[in-house]
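Welcome! Let us take a friendly tour of the open spaces in this protein.

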Amino acid sequence: MSDAPEILESYLNGAWRRGEGVETELVDPVHGTVLATASARGLDLKAALDSARKHGGPALRALSFAERAKLIGAVADVLIANRAKYEAIAVANSGNTKIDAAIDIDGGIGTLKYYARLGGSLGGATFLLDEKPVRLAKAENFQAIHLLAPRHGVAVCINAFNFPSWGLWEKAAVALLAGVPVLAKPASSTALLTHAMVRDVIAAKVLPEGAIGLLCGGAGNLLDGVTAEDVIAFTGSSETAARILKHPNILARGVHVNIEADSVNAALLAPGASDAAFDAFVKEVGREMTVKAGQKCTAIRRVFAPADRAGVVAEALLARLKKTTLGDPRDESVRMGPLVTRAQQAAAFDGIGKIANNAQVLTGGATAPSIDGIDPTKSAFVAPTLMRVADGAGADAVHDTEVFGPAATIVPYQSEDEAFALITRGGGSLVASVYGDDHAFFARAVAALGPSHGRLLMVEPSIADAHTGHGIVMPQCHHGGPGRAGNGEELGGLHGLRLYHQRLAVQGSMNLLAALQAKAYALH
Ligand code: NAP
């Protein structure tokens, strides 16, 4: 990267285009240096959507699933070839350590490769068959099948700042496999990485023209140009999600919107858990608090422990957090970098302040930590912050407030029923993890917590070193949670393709339905 801030352009309507002026400065959150600027002001977003529908969609839909899967694999290969460059960008623009950067970059590449493999197994099909033929009338010849047909619009992929790579590719892999072109809209503050990746993919010409576009800068009047054929795949805060859902054009046209929003995820230490389960619990909570400086939608925010063990849980976590070296992630000894912007730092301090009204702050807190050689007036650091409430039922803020940073709160519980009830007060979460040894307890936890979660991770000692982590989203598994988490449904293998397809019943003669079935991959 040169010293002059790069001006990020958007790839719309088949060309790189520059917005007017500066909407957002992209800043290094360690030193406060401006790395790039972004603006989409004055760009014709309606024309970009029209063009993607006209060129990208037909080109992709002319291919079979297996042929599209090859394109997705080729995208992954382009990204693999340029990986070193991406890591440097993630360190500079997102304050990522190498491990943080790997979760984002390799998470994106891994998801592309997974869908390339999965798509290859769908062969020459162009539809998905959801249900086998059913007879509808006396005449056996008149029957119906349920098909999933690729939508003819654009996948408008709006992403949050914390995953500029994974956030894009986990959506784009599925949309492209479905035959739907993508317009990527990364969060402005960390758009450098998405921009570099999309630029490389376009330069490599591995996708048909119109299959992928990029909007760098504010959303402007993007939502005015969306039609009923399009899908909005949104990841971000509940506030922005609500604004999108209430947008007059989205409401009037009944546009399909998938929301992946925020979440106050929980980890639960089971009553009577063995020392091995206890250790797995402490290790995972400590890791979740500090990886990506806690900026994961899936990170553990509430730490539930039996009341008589809350003290030892606190001690063990404090001992772990003490070892977390904060600083410039370019220094190999640093284990945790800053938040991505000073605005995020202020929001995290605000949230910590709200929870601390009813909680004891055991370490960290709502002021910038002092770090050798780093100017606290220019950087965006938040120290690992562990809090503890005395009365989980009375502490509303801990169940309502998502601190998007390295902060978590210990909530003691007296009984299993109380623990389940308190966890459910999160109002719908992406994930909860449970640590123990007793399968009967795990089964009761699944029944009690299942309806308010998108994913449950059950950790017993035999998988303590084998599991993929509370916060890591695996493409094989459902991603999305009910309630405040947005009711979204992404990934989950082939299930993820449903978002970009229309489910329909086709009624007709047996011969016609058989011909259609020959073009479809049977899901069941
Ligand atoms: P945000 O402020 O809601 O922004 C998300 C995206 O929406 C950005 O690309 C933003 O663009 C765009 N946006 C803002 N206003 C818009 C509008 N009126 N119309 C269309 N798009 C608009 O969220 P964030 O601060 O980037 O991300 C943090 C939040 O995301 C956290 O709450 C976290 O829990 C959540 N998150 C959830 C998941 C999940 O999978 N459930 C994953 C990651 C993060 P600009 O940046 O240009 O404003």
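## Terms and model

Helices (H or I, at least four residues) and strands (E, at least two) are DSSP runs, numbered from the N terminus. A pocket is found on a 1 Å grid over the protein atoms alone: an open set of points where a 1.4 Å probe fits, with protein on both sides within 12 Å along at least five of seven lines; lining residues have an atom within 4 Å of a point.

This is a predicted model, in which local features need pLDDT of at least 70 and side-chain atom pairs count only at pLDDT 80 or more, while totals for chains, interfaces and linings use all residues. Residues are numbered from 1 along each chain as its sequence is written, and side-chain values use heavy atoms, leaving out hydrogens and water.

## The largest pocket

The largest pocket holds about 970 Å³ of space, a volume being the space filled by probe spheres set on the grid points, which are joined across faces, edges and corners. It is lined by 44 residues, and G236, S237, S238, E239 and T240 are the closest to its centre. Two or more lining residues come from each of α5 (166–178), β11 (231–235), α7 (238–245) and α11 (342–356). The largest share, six residues, belongs to α11.

Both domain 1 (6–261 + 487–522) and domain 2 (265–476) give at least three residues to this lining; the domain bounds come from an automatic or database assignment.

## The second largest pocket

About 620 Å³ of space lies in the second largest pocket. Among its 28 lining residues, T97, I99, T290, V291 and R335 are the closest to the centre. Helix α9 (275–290) gives the most to this lining, with five residues.
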